[in-house]
Amino acid sequence: MEQSRDIFTPDQAAAFLQVSRETVYRYLRDGRLFGSRLGRVYRIPRQSVERLLWSTRTRADIVLRDYTDADLDAFLEADRLTPQQEAIARRAEVRVLPAR
Amino acid sequence: MCCLLGSDMAVDHATPLFFDATCLYAATHSPTGGSARLIRLCRLGWFAGWASQLVMVEAERAVRRKGMAATLVEYERLLRFAPLQYAPVPVSPATRYPGINPKDAHVYAAARACNARYLITLDKRLADEINVLAGDPTAISPGDFLQQVLPTHLDYAMESTAGQRPEGDDAET
C-alpha cells in the first residue's frame, strides 16, 4: 500500500522505512524528516521520506555538492531576470499548452 | 553564461530540461526568478521537466543552510507541485565521465540518462565545465534559456506569428 501513497502517516512512514514509530517522530523533531502537523496528527510527504534515504545513502561512488553562503547568494543573483527575459517569460505564461 | 550548442534545433513541449539543485534552491527562494518561471512553464506544458533524487537532496541541504522553516515548507511545496520527472540515479558517474568534476558527475550523468537537451543551472562553473568538456546536454542558465531558447519553441513562434498577422488577413480568406 505504501508504494502508491504521496503522503504518509508516521506509522506508514515507519513501515516504509522499516524503523520504529518513535524513530520517525525523532526524525520529525530533529528536522531530518519534513512533516506537517494537522491538529494533533502528522503527515509526511513521500518525497521527504525518499530524500532521507538518499541523503543517508551508503553509495561511495556518488559525491554530492555542498554550497557556501556566498555560492547560494550568487545563485539567487544569477536567477534574476532582465526586463527582456521577463517579457518573454510573461508572454509564454499566459498560455497553457494542451496535454499531448 | 553559455555557448548555445544545438541551437539550430527548435524546442517543443517534449524537450527534456534537467534542473540542477541550484535552480531548485533558487525557485524556492524567489518565485519571480528565472528558475521558478521556467519550472512554471513546465507545469503549463511548454517543456518536460526533469530532476534527480540527488539534486533534490543537494537543494534541500542548500535550503536548510540558508533558510528558515518557512523556506523548507516552500521547498516541499515546490517539489509537490512541480511537474518534474526523476532521472535514474547513475552508477559510478565519476568513473563514467572522468572529464567532469567528481562532485558534478552525478548531475551530468542524470541529465544524460533522461536525454535532456538542456541542463538548467545557475552554477557558472558547472555550465562552463559541461559546455567545454562535454557539450551535450547544453548547460544554460534559466534567464539565458528564456531569452535564447524559448523564442524558438514551436508554440511560442506560432503565437508570435499570430500576433503579427495583419488585420486584413481575415478579409482575404
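Predicted model: local features only at pLDDT ≥ 70, side-chain atom pairs only at ≥ 80, totals over all residues.
Residues are numbered from 1 along each chain as its sequence is written, and chains are lettered from A and ligands numbered from 1 in the order in which they are written.

Chain B contains ten helices and five strands; helices (H or I, at least four residues) and strands (E, at least two) are DSSP runs numbered from the N terminus. Of its 173 residues, 49% are buried. A residue is termed buried if 20 or more other C-beta atoms lie within 10 Å of its own, exposed if 12 or fewer do, and partly exposed in between, with C-beta atoms placed from the backbone. Contacts are assigned where the C-beta atoms of two residues, placed from the backbone, lie within 7 Å. Among the contacts in chain B between residues at least 6 apart in sequence, 72% join residues at least 24 apart.

The five strands of chain B form an open sheet in the order S3-S2-S1-S4-S5, with parallel pairing; two strands are taken to pair if DSSP finds at least two bridges between them. Strand S3 (85–86) and strand S5 (138–140) of chain B each have a single partner strand and lie at the edges, so one side of each has no neighbour in the sheet. Strand S2 (residues 48–51) of chain B pairs with S3(B) in the parallel sense over two bridges, and Ala51(B) stands opposite Tyr86(B) in S3(B). Three bridges link strand S1 (residues 16–19) of chain B to S2(B), again in parallel, with Leu17(B) opposite Gly49(B) in S2(B). In a regular strand the side chains alternate between the two faces of the sheet. In S2(B) both faces are covered: Ala48(B) and Trp50(B) on one side and Gly49(B) and Ala51(B) on the other are all buried.

Helix H1 (residues 21–29) of chain B is largely enclosed by the rest of the structure, because nine of its nine residues are buried. Among them are Cys23(B), Leu24(B), Tyr25(B) and His29(B).

Helix H3 (residues 53–66) and helix H4 (residues 69–81) of chain B pack at an angle of about 155°, with their axes 9 Å apart. Axes are lines fitted to C-alpha atoms, for helices over the stretch in contact, and angles run from 0 to 180 degrees between N-to-C directions. H3(B) and H4(B) are therefore roughly antiparallel, a term for angles over 145 degrees, with angles under 35 counted as roughly parallel, 65 to 115 as roughly perpendicular and the rest as oblique. The crossing of H3(B) past H4(B) is right-handed, that is, the near helix is turned clockwise from the far one by less than a right angle. Met56(B), Glu60(B), Val63(B) and Arg64(B) of H3(B) meet Thr71(B), Leu72(B), Tyr75(B) and Leu79(B) of H4(B). By class, this contact of H3(B) with H4(B) comprises five nonpolar, one polar and two charged residues. Ala, Val, Leu, Ile, Met, Phe, Trp, Tyr, Cys and Pro count as nonpolar, Asp, Glu, Lys and Arg as charged, and the others, Gly among them, as polar.

In chain A, three strands form an open antiparallel sheet in the order S1-S3-S2. Strand S1 (7–8) and strand S2 (36–38) of chain A are at the edges with a single partner strand each, so one side of each is left without a neighbour in the sheet. S1(A) pairs with strand S3 (residues 41–45) of chain A in the antiparallel sense over two bridges, and Ile7(A) stands opposite Pro45(A) in S3(A).

Tyr27(A) lies in helix H2 (residues 21–30) of chain A and is buried, with 22 other C-beta atoms within 10 Å. Beyond its neighbours within four places in sequence, Tyr27(A) is in contact with Arg32(A), Leu33(A) and Leu52(A). The C-alpha atoms of Tyr27(A) and Leu52(A) are separated by 9.5 Å.

Between the chains, 36 residues of chain A are in contact with 48 residues of chain B. Helix H3 (46–55), helix H4 (69–78) and helix H5 (83–93) of chain A each supply at least two residues of the side that touches chain B. By class, this side of chain A has 19 nonpolar, six polar and eleven charged residues.
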